[in-house]
Amino acid sequence: RPSPPLAVCRSGRRRGVAFGRTALASHREAGAGGVDRTMVSQSAQAFESGHADVVHDCQLDYYGKRLATCSSDRTVKIFQIDPNGAHTHLADLHGHEGPVWQVAWAHPKYGGVLASCSYDRRVIIWKESSDGSWQQAFVSPPGMHESSINSVAWAPYELGLALACASSDGTVTILTHRSDGGWDQEKIPNAHAIGVLAVSWAPAAAPGSITAAGPEAASAPVCRLATAGCDSTARLWSKDEASGQWRSDERFKAQHQDWVRDVAWAPNLGLPKNTVATASQDGTVYIWTEGLDGVWSGLLLKNFGCPVWRVSWAVGTGSVLAVSDASHSVTLWKEQLDGSWAQVSQVQ
């Protein structure tokens, strides 16, 4: 059965951008062992971004039709991506006063909304106007963070328009849009002692909800997130609705030997499974799975022998993972029927 297309974006030390769409289709081979065979078809395009310095991140929107890039030149650029891979430059967004580390598209339910974060300790939320121009809808106030903001991630749309911001000051801020147009702020203090490098939200659907009946099937959206930090750990956080406080899940023990560069919570489509991937400066990627008792177990995907920068799941499925490392390659991994993981492709 064909899997949803996996959009892979790659940026590096140069000013160009490479991106691709990889479609995977798998079948179970008859006979002993029931080997899971995967067919891969991929297309990749590269183009000069027009940035004047290093490109740090690039993200396709929900439909894969627009690409946002950000750079040390302090700008964000937006491109239209045609089905044949051709690109058209649409806009340059200016407002940051330092290198821009990451960009994130909100769910299209909220229109054209893009967030960016920077070394200048600011988050800017951009809103697209009806004429196609972009305006600053929100700029984080002075003092929201005391150091570089390294990562931003939008919550599932079921939780409203909410943005998590991870900073080198060791804290995470959650910005939530109000009906009057303002933004509320919540803080997770001391998330990681030396600094927070990445943040990722859990799917809104509770594990097993797709097969549940009665009240469990109509449970409230899940409000959890994962963070990665310079203390060589990744942590999970849940919001206590009674107190309004964010609490760490001590049953999750993700320990690496160096900075954890990225963390990504896999979509689960309501299936009875929670999965998180972590990537580290120590060269390893781990796949963490939550058991029925709430305790998490880790499986080493691979030691890549070089720092791993980013991990990203295919949209709509938790069985295909893209890994970007310091060797300037992106590898694609697929979960097998026996629970192991196999590399199915490499994007050079």
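1. A nonpolar core, as used here, is a set of buried Ala, Val, Leu, Ile, Met, Phe, Trp, Tyr and Cys residues joined through side-chain atoms within 4.5 Å. Keep in mind that this is a predicted model. In the largest such core there are 17 residues, and the ones touching the most other members are Val 123, Ile 125, Val 152, Trp 154, Leu 163 and Cys 165. Strands β9 (113-118), β10 (123-128), β12 (149-154) and β13 each put at least two residues into this core. Apart from it sits another core, of 16 residues, including Ala 162, Ile 188, Cys 223 and Trp 237. As background, nonpolar side chains in soluble globular proteins tend to be buried together.

2. Now the overall picture. The chain has 28 strands and zero helices. Out of 348 residues, 50% count as buried. The accessible surface is about 15800 Å², and carbon and sulfur atoms own 51% of that. Among contacts with a separation of 6 or more, 47% are between residues 24 or more positions apart.

3. Leu 163 is worth a look. You'll find Leu 163 in strand β13 (residues 162-167). Is Leu 163 buried or exposed? Leu 163 counts as buried because its relative accessible area is 0%, and the cut-off for buried is under 20%. Not counting residues up to four places away in sequence, Leu 163 touches Ala 115, Val 123, Ile 125, Val 152, Ala 153, Trp 154, Thr 173, Ile 174 and Leu 175. Between Leu 163 and Gln 185, 22 residues apart along the chain, the C-alpha separation is 9.7 Å.

4. Val 152 tells a related story. If you skip its neighbours within four places in sequence, Val 152 is in contact with Gln 102, Ala 104, Ala 115, Cys 117, Val 123, Leu 163, Ala 164, Cys 165 and Val 199.

5. On to the aromatics: how many aromatic pairs does the structure hold? There are twelve aromatic pairs. One of them is Tyr 62 with Tyr 63, edge-to-face at 5.0 Å centre to centre and 90° between the planes. Both Tyr 62 and Tyr 63 are exposed.

6. Trp 265 and Trp 296 also pair edge-to-face, with 6.0 Å centre to centre and 85° between the planes. Trp 265 belongs to strand β21 (residues 260-265) and Trp 296 to strand β24 (residues 296-303), so this pair ties together parts 31 residues apart in sequence. Trp 265 and Trp 296 are both buried. They also belong to one aromatic cluster, formed by Phe 252, Trp 265, Tyr 286, Trp 288 and Trp 296.

Conventions. Residues are numbered from 1 along each chain as its sequence is written. This is a predicted model: local features need pLDDT of at least 70, side-chain atom pairs count only at pLDDT 80 or more; totals for chains, interfaces and linings use all residues. Side-chain values use heavy atoms; hydrogens and water are left out. Helices (H or I, at least four residues) and strands (E, at least two) are DSSP runs, numbered from the N terminus. Buried means under 20% relative accessible area, exposed over 50%, partly exposed in between (1.4 Å probe, protein chains only). Contact means heavy atoms within 4.5 Å. Accessible areas come from the Shrake-Rupley method with a 1.4 Å probe; for residues, only the protein chains shown count as cover. Rings of Phe, Tyr and Trp (its six-membered ring) pair if their centres lie within 6.5 Å; planes under 30 degrees apart count as stacked, over 60 as edge-to-face and the rest as tilted.
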